[in-house]
Amino acid sequence: GELCIRCPWHHYDIRLCDGAKPYQSMSFDPKTKKLMPSGWKYTKNTQRTHEAAIREGGIWVRLSNDSKFESDQFAYNDNAAKNVSAGDAGFRPDGKSLASSGTAPVGYKRSGE
């Protein structure tokens, strides 16, 4: 398997080496006319990753700014900042933001939108 971490709010995994998100791909089976699992694949440019090392009694982080990543939309998002500062209190038991109206949290967009 791949070394991943799980987002405590969204409950999805992120691969540590490149920030890719694993997902179960599906393919159409013409015999059964059903979608069938066809293996695990990974998204591209989902979460920005940074180089980190323990040195001189501290944690050193080299921020990356290459390319564009899906997660960049949250870096300067007011609602995301409010959710971070609210901690777990900023989310309902189903994991959705208390600031949301409708099905998606305000100021956020789903992958592919």
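Is Arg 62 buried or exposed? Arg 62 is exposed, at a relative accessible area of 56%; buried means under 20%, exposed over 50% and partly exposed in between (1.4 Å probe, protein chains only).

This is a predicted model, in which local features need pLDDT of at least 70 and side-chain atom pairs count only at pLDDT 80 or more, while totals for chains, interfaces and linings use all residues. Residues are numbered from 1 along each chain as its sequence is written, and side-chain values use heavy atoms, with hydrogens and water left out.

**Overall architecture**

The protein chain contains 1 helix and 6 strands, arranged from the N terminus as β-β-β-β-β-β-α. These elements are DSSP runs numbered from the N terminus: helices (H or I) have at least four residues and strands (E) at least two. Of the 113 residues, 19% count as buried. The accessible surface comes to about 8,800 Å², with 56% belonging to carbon and sulfur atoms; such areas come from the Shrake-Rupley method with a 1.4 Å probe, and for residues only the protein chains shown count as cover.

**Salt bridges**

The structure holds 5 salt bridges, each a side-chain nitrogen of Lys or Arg within 4 Å of a carboxyl oxygen of Asp or Glu. The table lists some of them.

| Pair | N to O distance |
|---|---|
| Arg 6 and Asp 13 | 2.8 Å |
| Arg 48 and Asp 72 | 2.7 Å |
| Glu 51 and Arg 62 | 3.6 Å |

Glu 51 lies in strand E5 and Arg 62 in strand E6, so this pair ties together parts that are 11 residues apart in sequence. Salt bridges with shared partners also join Glu 2, Arg 15 and Asp 18 into one network. In the pair of Arg 6 and Asp 13, Arg 6 is exposed at 54%, whereas Asp 13 is partly exposed at 23%.

**The loop between E6 and H1**

Ser 71 is placed in the loop between strand E6 (58-62) and helix H1 (78-86). Ser 71 is buried, at 11% relative accessibility. Leaving aside residues up to four places away in sequence, Ser 71 touches Thr 46, Gln 47 and Arg 48; contact means heavy atoms within 4.5 Å. Arg 48 is itself buried, at 14%.

**A nonpolar surface patch**

Ile 54, Ile 59, Val 61 and Leu 63 make a nonpolar surface patch of about 500 Å². Patches consist of residues with over 30% relative accessible area and no salt bridge, like charges being joined within 9 Å and nonpolar side chains (Val, Leu, Ile, Met, Phe, Trp, Tyr) within 5 Å. Ile 54 belongs to strand E5 (residues 51-55) and is exposed at 76%.
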